[in-house]
Amino acid sequence: MATQMSYLLVLLLPLLFLFFSTSFSSATPAGYNVVSFGAKPDGKTDSTKAFLAAWAGACGSVTSATIYVPPGRFLLKNAAFQGPCKNSRVSILIDGTLVAPADYGVIGDAGNWLFFQHVNGVSISGGVLDGQGTGLWACKNSGNNCPSGATSLGFSNSNNIVINGLTSLNSQMYHIVFHGCNNVKVQGVKVSASGNSPNTDGIHVQLSSSVTILNTKIATGDDCVSVGPGTNGLWIENVACGPGHGISIGSLGKNSEEPGVQNVTVKTATFTGTQNGLRIKSWGRPSNGFARNILFQDAVMQNVQNPIIIDQNYCPDNKGCPGQVSGVKISDVTYQDIHGTSATEVAVNLDCSSKNPCSGIKLQDVKLTYKNQPASASCSHAVGSANGVVQTGSCL
């Protein structure tokens, strides 16, 4: 009997070894250290090719893969990380800083500095992106002919994206953009740029669904979060904004044919010294766009110029829209538990379209003061209700 058992073990052991080794190897991610591909952490040597080579290896791996960026400063020109990949889990762990060229002309017309396209299951953890945009801002603010600037981190037509603990500094243009993406989670991100840096939106979401932004601090020269056409299912919670232009839905209605924005929640947000707090804006011209089912809840305003604003007469430089009215339909927007101080007397300004008046607007427990007195409200073509304690004068 013992001899038979020994014989069976001799036969089974190789099979067991093969099974466990195969299972273990399939669960172990492949590792790609950018330094192994020639990246130099000196902030001077162009490491673009090394990063792209590490991406090619990770993306081409049939098992989950990890790209590691060690401490140091890595100079990168514009780089496109293309998918689809052979696996659905590429983790990028950054302990260092990625630095854009100091000469803004190198990437200024590239559109994006770091760009991910057609990827699935990519996560970025930690690290710093330094866009070195101050030179381009100065060029723009002087009125000179300048490049439009590059978005620091862009995702296009991608799914299941996670960004955790990343810091974006001084982007040339937008800091982080999601365009045509689904199932995105941004958490613990810090965005920092000067209050006078032009077009440096913190996080921009467009044509995307199921996007969550949590526990994030944004200080910049434009919108802290901007929400473009075609956004459905956006959840923003525990975000600190300032300086900046607030959290903005829009601008909408730039095009006559345009997908709408719906199912947006902004919860537990703080605005400090911003131009706007909670804003919806649309171009003052014909469009089939819309914004509906929007909830702004539990926001604190600290010396904000326009704490609550709907502007449907947006017309930059008075070009392409004077004498026209917005076709964008805004409906079912709730402002609940909005407290704090306004830097202007009119804290609630609902300037809606005369052709498509705002409907279903709800003010609930809105307490905004100006110079220690209840602030006032202004409504144009807005229909809705005010419930609870609305110290700010209701004009609905």
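Predicted model: local features only at pLDDT ≥ 70, side-chain atom pairs only at ≥ 80, totals over all residues.
**Stop 1: His245**

Select His245. You are in the loop between β20 (232-241) and β21 (247-252). Now show what surrounds the residue, leaving aside neighbours within four places in sequence. His245 is in contact with Gly221, Asp222, Asp223, Gln275, Asn276 and Arg279. Zoom in on Gly221. Its backbone oxygen lies 3.3 Å from a polar atom of the His245 side chain.

**Stop 2: helix α3**

Go to residues 134-141, which form helix α3. Colour Leu136, Trp137 and Cys139; these residues of α3 are buried. They sit on the same side of the helix, because they cover an arc of only 160 degrees around its axis. Then step past the end of the helix to Gly143. This glycine follows α3 and has a positive phi, near 85 degrees.

**Stop 3: Thr167**

Next, select Thr167 in strand β13 (residues 167-169). Is Thr167 buried or exposed? Thr167 counts as buried because its relative accessibility is 17%, and the cut-off for buried is under 20%.

**Stop 4: Val325**

Move on to the loop between β25 (306-314) and β26 (329-342), and pick Val325. Val325 has 33% relative accessibility, so this residue counts as partly exposed. Draw a C-alpha to C-alpha distance from Val325 to Gln312. The two are 13 residues apart in sequence and 7.9 Å apart in space. Beyond neighbours within four places in sequence, Val325 is in contact with Gly284, Arg285, Pro286, Ser353, Ser354 and Lys355.

**Stop 5: strand β28 and its partners**

Select residues 358-370, strand β28. Which way does β28 pair with β26? The two pair in the parallel sense, over nine bridges. To see one of the partners, pick Thr341 and find Thr369 in β28.

Finish with strand β29 (residues 373-374). β29 runs antiparallel to β28, and two bridges join them. Tyr370 stands opposite Gln373 in β29. β28 and β29 form a hairpin with two residues between them. Click on Lys371 in that turn: its phi is positive, about 50 degrees.

How values were computed. Residues numbered from 1 in each chain as written. Heavy atoms only, no water. Buried < 20%, exposed > 50% of the residue type's maximum accessible area, 1.4 Å probe, protein only. Helix = DSSP H or I, 4+ residues; strand = E, 2+ residues; numbered from the N terminus. Arc of directions from axis to C-beta. Contact = heavy atoms within 4.5 Å. Polar contact = N/O pair within 3.5 Å; in protein donor to acceptor, adjacent residues only side chain to side chain. Pairing = 2+ DSSP bridges.
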